[in-house]
Amino acid sequence: MKRLLTIGFCVLAFPTLANEAANSLKSKLSQLHSFQADFEQQVTDGQGQAVQHAQGTLHLQQPDKLRWELKTPDEALLIADGQTVWHVDPFVSQAIALDQQGAIENNPLILLAQPDSHLWQDFTVSQESSGYLIRSKSDNSQIDTLTLTFDGQTLLSLSLLDRQQQKSVLNFRDIKQNIDLPAALFKFTLPEGYELDDQRQVQTGNLQKP
């Protein structure tokens, strides 16, 4: 009987602890109106072998706006402007346009830009010594877990683990939070000579205009 009571207590306690972790993270993110930082990115495969080391910058503006720019060893740019996600590859002079709502579905990164989103119900949040562990409830999510590490209210790092067990860790430096960011950071204009692969779809099945 004692064991059954213990199991019953755990069943009741786990949702409460999960809610506390989610509420704690929401509180931090709700105060993160903007974020700017340089980062060092380390990517390892499922066996822990180094795949890539890169450097870049990250800009975040709530709600819904993000700019992720890799500078070395290969340039790449991702801009989320609130409606469209732009993937820019200078190596092949191509930009891919995706509908943002569809592109972010089941992606825990969206929680950084939408701390009040209803999408929180699609994820579980637990608090660990290393920070907050966020996991999608959907098996269709390409990202298995997202871990956010804070020092007080300052976001220090994030770690992404995908379904193939490839891990990407970003450690931030020169961090600036809640500063005014230029609106131009989150606007995209197709460079001259670039090809546009427009994959945005409206309900009628027609392509949206860039």
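Predicted model: local features only at pLDDT ≥ 70, side-chain atom pairs only at ≥ 80, totals over all residues.
## Overall composition

The secondary structure of the protein consists of three helices and 12 strands. Of its 210 residues, 38% are buried.

Contacts can also be sorted by how far apart the two residues lie in the sequence. When contacts with a separation of 6 or more are considered, 45% of them are between residues 24 or more positions apart.

Strand E4 covers residues 76-80 and strand E5 covers residues 84-89; the two run antiparallel and are joined by four bridges. Within this pairing, Leu77 stands opposite Val88 of E5. The hairpin of E4 and E5 has three residues between the strands, and Gly82 takes a positive phi near 110 degrees there.

Strand E5 also pairs with strand E6, residues 94-99, in an antiparallel arrangement with six bridges. His87 has Ile96 in E6 as its bridge partner. Four residues lie between E5 and E6 in their hairpin, and Ser93 in that turn has a positive phi of about 55 degrees.

Strand E7, residues 123-128, runs antiparallel to E8, and six bridges join the two. Glu128 is found opposite Gly131 in E8. The hairpin formed by E7 and E8 has two residues between the strands.

On to the next pairing: E8 and strand E9, residues 143-151, are antiparallel and share four bridges. Here Tyr132 has Leu148 of E9 as its bridge partner, and a hairpin of six residues joins E8 to E9. How far is strand E8 enclosed by the rest of the structure? Strand E8 spans residues 131-136, and five of its six residues are buried, so the strand is largely enclosed by the rest of the structure.

Ser34 belongs to strand E1, which spans residues 34-44. Is Ser34 buried or exposed? Its relative accessible area is 1%; a residue counts as buried under 20%, and therefore Ser34 is buried.

Setting aside neighbours within four places in sequence, Ser34 is in contact with Leu60, Gln61, Lys176, Gln177, Asn178, Ile179 and Leu181.

## The nonpolar cores

The largest nonpolar core contains 35 residues, of which Leu25, Trp68, Leu148, Leu158 and Phe172 touch the most other members. A second, separate core has seven residues, including Ile79, Trp86, Val88 and Ala95.

Not counting residues up to four places away in sequence, Phe172 touches Phe35, Ala37, Asp38, Phe39, Leu58, Leu155, Leu156, Ser157 and Leu158.

## The largest pocket

Rolling a probe the size of a water molecule over the atoms shows where empty space is left. In this model, the largest pocket has a volume of about 1,200 Å³. The pocket is lined by 39 residues, and those closest to its centre are Leu78, His87, Asn107, Leu109 and Ile143. Among these, His87 is the bridge partner of Ile96 in E6.

Which classes of residue make up the lining of the largest pocket? The lining has 21 nonpolar, 13 polar and five charged residues.

Terms used. Residues numbered from 1 in each chain as written. Heavy atoms only, no water. 1 Å grid on protein atoms, 1.4 Å probe; cavity = no way out; pocket = protein on both sides within 12 Å on 5 of 7 lines; lining within 4 Å. Points joined across faces, edges and corners; volume = space filled by probe spheres on them. Nonpolar A, V, L, I, M, F, W, Y, C, P; charged D, E, K, R; others polar. Core = buried A, V, L, I, M, F, W, Y, C linked by side-chain atoms within 4.5 Å. Buried < 20%, exposed > 50% of the residue type's maximum accessible area, 1.4 Å probe, protein only. Contact = heavy atoms within 4.5 Å. Pairing = 2+ DSSP bridges.
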